[in-house]
Amino acid sequence: MKKSKVIGLASLALFSTIVLAACGGNKDNSSTDSGSKTANSGELAEKQELNLIESAEIPTMDSVLNTDAVGSIVMNNVFEGLYRKGLDGENVLGMAKEEPTVSEDGLTYTFKLREDATWSNGDAVTANDFVFAWQRVVNPETAAQYSYMMSGIIENASEISKGEKPVTDLGIKAIDATTLEVKLAAAVPYFKDLLSLTMYMPQNEKYVTEKGEDFAKNSENLVYNGPFELTDWDGTGLSWSYKKNDSYWDKKAVKLDRINVDVVKETGTALNLYDSGDIDQMKLSGEYVQTRDGDPDLISIPTSSVFYLKYNQKRGDKDTALANENIRKAISMAFDKQAYSDTVLQNGSIPADGLVPEGLAKDPENGEDFRKENGNLLSYNQKEAKKLWEKGLKEIGTDKVTLEMLSDDTENAKRSLEFMQNQLQENLPGLTIKLKNVPFKVRVQLNNQMDYDIQVAGWGADYPDPINYLELFGTDNSNNRSHYSNAEYDQLLTEIGTTSLADPEKRWDQMLEAEKILMKTAGIGPMYQRYNAVLQKPYIKDLACQIVGPEYSYKWAYVEKH
């Protein structure tokens, strides 16, 4: 997964003492009731309990409203859709009893649900639970940001989201309690990959209705149909736990009895906890990676997460300086991405000069990786950045610009902003960068309110298709939240999602072109593709890491006797 020889060599030095590995431990061809691989070759420890950490709080536990990585991990382990991702990232059956029957035109899927699937309160999981939840996603009154994930995919979802049709017209129907019919708006090639995501999960209508405003406010106001139940979460706190769900249909596959989670935002604090045996896994960043040189517990895990500078072109009722294309281009080209990766991140992450990550998808005709085929589109170029900056300042009629840069309040996020501040102010005369570090939940709120100038944002793949990234910056996409708008870009997105579905190569070429437009106009400023440097106790086995979708699945994990 080298982007170029230069980057490959730079990364090689960093990886010299880091084992590149999947985080789940060894796997063989044994199987569980769910059909997924599991090693389970070692002797299980008497105490099946893990102590883990997260870097941020849970913003919401309403699967319809979820948009963030932490919430996705939690929901992936306490809820279950028609499918879930297995140890090797493949789709394995979840609430679906068997593979669906599909109509000849590829537009109608009929699923049979498991008769033994229940919620943790004893209620059966029914086809109506899916109908109810999916209708909530597209209902304009719900204001679910992820409603776009059904638009153009499920029949009438786009029209319903716009208020043009009632939610009852959504292409999903409960034929009976265990038979679910789904009608698509188009024969989407990645449809089944979507069905393990949070917005496609079911919800117990009776329970949600009874709880009203209290639903999902804390772990006591939820019911679960996944491998675990969430406990000890008060809705805002810095800790929670998972306990094995004895009502889960595949409980025999679940080895862990309990997982304890604390939010720890400082790497130094986390490292002390790891060394003292209080936690079993943690991510390393910055100079901490080098301090563990040669540690056998240190592994490196590639991800699909790409981070970028998100430019808000209008704050309140006024245009920002970022409404100027040359200003955006200048900022995007004015910081040394390789130096940032090497000196700040130090975890094997690589510079990104486009939005779509390496290793995500391949050309359907020649098998070439999307990133390699499209090349480096918006690279560090200090000299060119200064020219564009001066041109932009003239166009907006000033010689000085002050912009606020927003990010999380973690230790690494603070170091990142300081690096960016120094680079941008040094390379772009007249620019003042003010830093704003806030808790993750607050950053999400400020993003939703479009109350920021520049934001360090990121995106990890929900499914292995470039459109999952490119669609983010369509004019009408609810995740855009930056006022970026380009008619040519929007037209390509429309065709990619409709008329071009029947022509994979044409669709691929259009996605390549769309990314070029986004970079040419500096809709965002790409920073890096993340690799995780992880310390993990060797007795953790079958902890599934997902490159797409929720990052971790604990269903098959266990503690080996040590």
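Residues are numbered from 1 along each chain as its sequence is written, and side-chain values use heavy atoms, with hydrogens and water left out. Because the model is predicted, local features need pLDDT of at least 70 and side-chain atom pairs count only at pLDDT 80 or more, while totals for chains, interfaces and linings use all residues.

pLDDT is the predictor's confidence in each residue, from 0 to 100. The protein chain has an average pLDDT of 91, and 93% of the residues score at least 70. Over residues 1-21 the value is below 50, and this stretch has 42 contacts in the model beyond near neighbours in sequence. Residues 26-39 also stay under 50, with 41 contacts beyond four places in sequence. A contact means heavy atoms within 4.5 Å.

An unreviewed UniProt entry lists residues 93-479 as "domain: Solute-binding protein family". UniProt positions are in the numbering used here, feature names are shortened, and annotations may be inferred rather than shown by experiment. Over residues 93-479 the chain is 28% helix and 21% strand, with the end C-alpha atoms 29 Å apart. Helices (H or I, at least four residues) and strands (E, at least two) are DSSP runs, numbered from the N terminus.

Two strands pair if DSSP finds at least two bridges between them. E5 and strand E6 (residues 108-112) are joined antiparallel by 2 bridges, and Thr 101 has Thr 110 in E6 as its bridge partner.

Elsewhere, strand E9 (residues 228-231) is covered on both faces: Phe 228 and Leu 230 on one side, and Glu 229 and Thr 231 on the other, are all buried. Buried means under 20% relative accessible area, exposed over 50%, and partly exposed in between (1.4 Å probe, protein chains only). E9 runs antiparallel to strand E10 (residues 239-244), joined by 4 bridges, and Glu 229 stands opposite Lys 243 in E10. Phe 228 also belongs to an aromatic cluster with Tyr 242, Tyr 552 and Tyr 554.

Rings of Phe, Tyr and Trp (its six-membered ring) pair if their centres lie within 6.5 Å; planes under 30 degrees apart count as stacked, over 60 as edge-to-face and the rest as tilted. By this rule there are 19 aromatic pairs. The rings of Tyr 248 and Trp 249 are tilted, because their planes are at 55°, with centres 5.6 Å apart. Tyr 248 is buried at a relative accessible area of 2%, and Trp 249 is buried at 13%. Tyr 308 and Phe 473 form an edge-to-face pair, 5.8 Å centre to centre with 80° between the planes. This pair links distant parts of the chain, 165 residues apart: Tyr 308 is in strand E13 (residues 298-311), and Phe 473 is in the loop between helix H15 (467-470) and helix H16 (487-496). Tyr 308 is buried at 4% relative accessible area, and Phe 473 is buried at 1%.

Charges also meet rings. A charge sits over a ring if NZ of Lys or CZ of Arg is within 6 Å of the ring centre and within 35 degrees of the ring normal. The charged end of Arg 114 is over the ring of Trp 249, 3.4 Å from its centre, and Lys 537 lies over the face of Tyr 274, at 3.8 Å from the ring centre.

Finally, Gln 421 is in helix H13 (residues 411-427) and is buried, with a relative accessible area of 19%.
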